[in-house]
Amino acid sequence: SRLMDLGQIAFENQDFEAALKIFQYVEKEFPNTPNYFIAKRYIIQTREEQVKREYPVDPNKIHLLIEEYQALTKNAGGNN
């Protein structure tokens, strides 16, 4: 949970590279914990923020985000 807190601080401070690394680490190292799906959601949100700040917007990255959101919803059972 400390890593999640650190990742959230990095995200809030718009240090998206650091936030992404932290959340990916949690996703990889702690797959059987409640933080797993939270980390996956933050990974997608972090990538979304990165895409929002790029100009010109890359349509391929938007399609990838849509696919990631759909996969997360499917894997979480649609309840989270």
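Is Glu49 buried or exposed? Glu49 counts as buried, because its relative accessibility is 18% and buried means under 20% relative accessible area, with exposed set at over 50% and partly exposed in between (1.4 Å probe, protein chains only).

## Basis of the description

This is a predicted model, in which local features need pLDDT of at least 70 and side-chain atom pairs count only at pLDDT 80 or more, while totals for chains, interfaces and linings use all residues. Residues are numbered from 1 along each chain as its sequence is written, and side-chain values use heavy atoms, with hydrogens and water left out.

## Helices α1 and α2

The helices named here are DSSP runs (H or I, at least four residues), numbered from the N terminus. Helices α1 and α2 pack with their axes 8 Å apart and at an angle of about 155 degrees, where axes are lines fitted to C-alpha atoms over the stretch in contact and angles run from 0 to 180 degrees between N-to-C directions. That angle makes α1 roughly antiparallel to α2, since angles over 145 degrees count as roughly antiparallel, under 35 as roughly parallel, 65 to 115 as roughly perpendicular and the rest as oblique. The crossing of α1 and α2 is left-handed, a term that applies if the near helix is turned anticlockwise from the far one by less than a right angle.

On the α1 side the contact (heavy atoms within 4.5 Å) is made by Leu3, Met4, Leu6, Gly7, Gln8, Ala10 and Phe11, and on the α2 side by Phe16, Ala18, Ala19, Ile22, Phe23, Tyr25 and Val26. By class, these residues comprise twelve nonpolar, two polar and no charged ones, with Ala, Val, Leu, Ile, Met, Phe, Trp, Tyr, Cys and Pro counted as nonpolar, Asp, Glu, Lys and Arg as charged, and the others, Gly among them, as polar.

Also in helix α2 is Lys21, which counts as exposed because its relative accessibility is 59%. Lys21 and Asn32 are eleven residues apart in sequence, and their C-alpha atoms lie 19 Å apart in space.

## Helices α3 and α4

Helix α3 (residues 35-52) and helix α4 (residues 59-75) have axes that come within 10 Å and cross at roughly 165 degrees. That angle makes α3 roughly antiparallel to α4, and the crossing of α3 and α4 is left-handed. In this contact, Phe37, Lys40, Arg41, Ile44, Gln45, Arg47, Glu48 and Val51 of α3 meet Lys61, Ile62, Leu65, Glu68, Tyr69, Leu72 and Asn75 of α4. The residues of the contact of α3 with α4 divide into seven nonpolar, two polar and six charged.

Tyr69, which lies in helix α4, counts as partly exposed because its relative accessibility is 31%. Leaving aside neighbours within four places in sequence, Tyr69 is in contact with Ile44, Gln45 and Glu48; of these partners, Gln45 is 24 residues from Tyr69 in sequence, with a C-alpha to C-alpha distance of 9.3 Å.

## Salt bridges

The model has six salt bridges, each defined as a side-chain nitrogen of Lys or Arg within 4 Å of a carboxyl oxygen of Asp or Glu. Among them is the pair of Lys40 and Glu27, whose closest N and O atoms are 2.7 Å apart. This pair links distant parts of the chain, with Lys40 in helix α3 and Glu27 in helix α2 (residues 16-29), 13 residues apart. Lys40 counts as partly exposed, at 22% relative accessibility.

Another salt bridge joins the side chains of Arg53 and Glu49, at 2.5 Å from N to O. Arg53 counts as partly exposed at 45% relative accessibility, whereas Glu49 counts as buried at 18%. Both residues belong to a network of salt bridges that links Glu48, Glu49, Lys52 and Arg53. Glu54 forms a salt bridge with Lys61, the closest N and O atoms being 3.0 Å apart; Glu54 is partly exposed, with a relative accessible area of 29%, and Lys61 counts as partly exposed at 32%.

## Backbone features in the loops

Most residues other than glycine have a negative phi, and most peptide bonds are trans. Gln14, found in the loop between α1 (2-12) and α2, has a positive phi near 60 degrees and is a residue other than glycine. The peptide bond from Tyr55 to Pro56 is cis, with omega near 0 degrees, and Pro56 lies in the loop between α3 and α4.

Conventions. Helix = DSSP H or I, 4+ residues; strand = E, 2+ residues; numbered from the N terminus.
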